[in-house]
Amino acid sequence: EYFSVDLPVFSIHGNHDDPTRDGCSEMLAALDLLAVSNLLNYFGRSDEVDKVVVKPVLMEKGSTKIALYGLGSLRDERLNR
């Protein structure tokens, strides 16, 4: 779920802050901490190794509509599967 704020900030992860499972069953990135604090909207994550799905964030203000697509950093090997 995305939060409505005056200045929305959307973020994807890069190759140096990608989600890992360091001892946990759930993937976690530094951006997750900012997202749960409602400081930004973290999107573009792919939790399944064999299935990458890119879904847009749809926004509307007045008569302007925008679809924002994001895909966090993935290794080339994952994209070639």
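Modeller: Helices (H or I, at least four residues) and strands (E, at least two) are DSSP runs, numbered from the N terminus. Asn-38 is placed with those runs as landmarks: it sits in the loop between helix 1 and strand 2. The model is predicted, so local features need pLDDT of at least 70, side-chain atom pairs count only at pLDDT 80 or more, and totals for chains, interfaces and linings use all residues. Residues are numbered from 1 along each chain as its sequence is written, and side-chain values use heavy atoms, with hydrogens and water left out.

Biologist: How many helices and strands are in the chain?

Modeller: The chain has 2 helices and 4 strands. Read from the N terminus, the order is β-α-β-β-β-α.

Biologist: What pLDDT does the chain average?

Modeller: Start with the term: pLDDT is the predictor's confidence in each residue, from 0 to 100. The chain average is 79, and 78% of the residues score at least 70. By element, strand 4 has the highest mean, 95, while helix 2 (residues 76–79) has the lowest, 69. Where pLDDT is low, the predicted coordinates should not be read in detail.

Biologist: What phi does Asn-38 have?

Modeller: Most residues other than glycine have a negative phi. Asn-38 has a positive one, near 60°. Its relative accessible area is 40%, so Asn-38 counts as partly exposed. The terms work like this: buried is under 20% relative accessible area, exposed is over 50%, and partly exposed is in between (1.4 Å probe, protein chains only).

Biologist: What share of the chain's residues count as buried?

Modeller: The buried share is 22% of the 81 residues. The chain exposes about 6500 Å², and carbon and sulfur atoms supply 51% of that area. The areas come from the Shrake-Rupley method with a 1.4 Å probe; for residues, only the protein chains shown count as cover.

Biologist: Which residues make up the largest nonpolar core?

Modeller: A nonpolar core is a set of buried Ala, Val, Leu, Ile, Met, Phe, Trp, Tyr and Cys residues joined through side-chain atoms within 4.5 Å. Here the largest has 5 residues: Ala-29, Leu-31, Ala-35, Leu-40 and Tyr-42.

Biologist: Which residues is Leu-40 in contact with, leaving aside neighbours within four places in sequence?

Modeller: Contact means heavy atoms within 4.5 Å. With those neighbours set aside, Leu-40 meets Val-9, Ser-11, Leu-31, Leu-34 and Ala-35. Look at Ser-11 next, in strand 1. Ser-11 has a relative accessible area of 16%, so it is buried. Beyond four places in sequence, Ser-11 touches Leu-31, Leu-40, Asn-41, Tyr-42 and Phe-43. Across the chain, residues 24 or more positions apart supply 48% of the contacts with a separation of 6 or more.

Biologist: Is Asp-32 buried or exposed?

Modeller: Asp-32 is buried, at 14% relative accessibility. Find it in helix 1 (residues 30–36). Leaving out neighbours within four places, its contacts are Met-27, Tyr-42 and Arg-45. Compare His-13: it is 19 residues from Asp-32 in sequence and 9.8 Å away in space, C-alpha to C-alpha.

Biologist: How many aromatic pairs does the structure hold?

Modeller: Rings of Phe, Tyr and Trp (its six-membered ring) pair if their centres lie within 6.5 Å; planes under 30 degrees apart count as stacked, over 60 as edge-to-face, and the rest as tilted. The structure holds 1 such pair. The ring centres of Phe-10 and Phe-43 are 5.9 Å apart and the planes meet at 90°, so this pair is edge-to-face. Phe-10 belongs to strand 1 (residues 10–11) and Phe-43 to the loop between strand 2 (41–42) and strand 3 (57–61), so the pair ties together parts 33 residues apart in sequence. Phe-43 is buried at 8% relative accessibility, whereas Phe-10 is partly exposed at 23%.

Biologist: In which sense do strand 3 and strand 4 pair?

Modeller: Two strands pair if DSSP finds at least two bridges between them. Strand 3 and strand 4 (residues 64–68) pair in the antiparallel sense, over 5 bridges. Val-57 stands opposite Leu-68, and Leu-58 has Ala-67 as its bridge partner. The two strands form a hairpin with 2 residues between them, and Gly-62 in the turn has a positive phi of about 65°.

Biologist: Where is Ile-66 found?

Modeller: Ile-66 is in strand 4. At 45% relative accessibility, Ile-66 is partly exposed. Setting aside neighbours within four places, it contacts Val-57, Leu-58 and Met-59.
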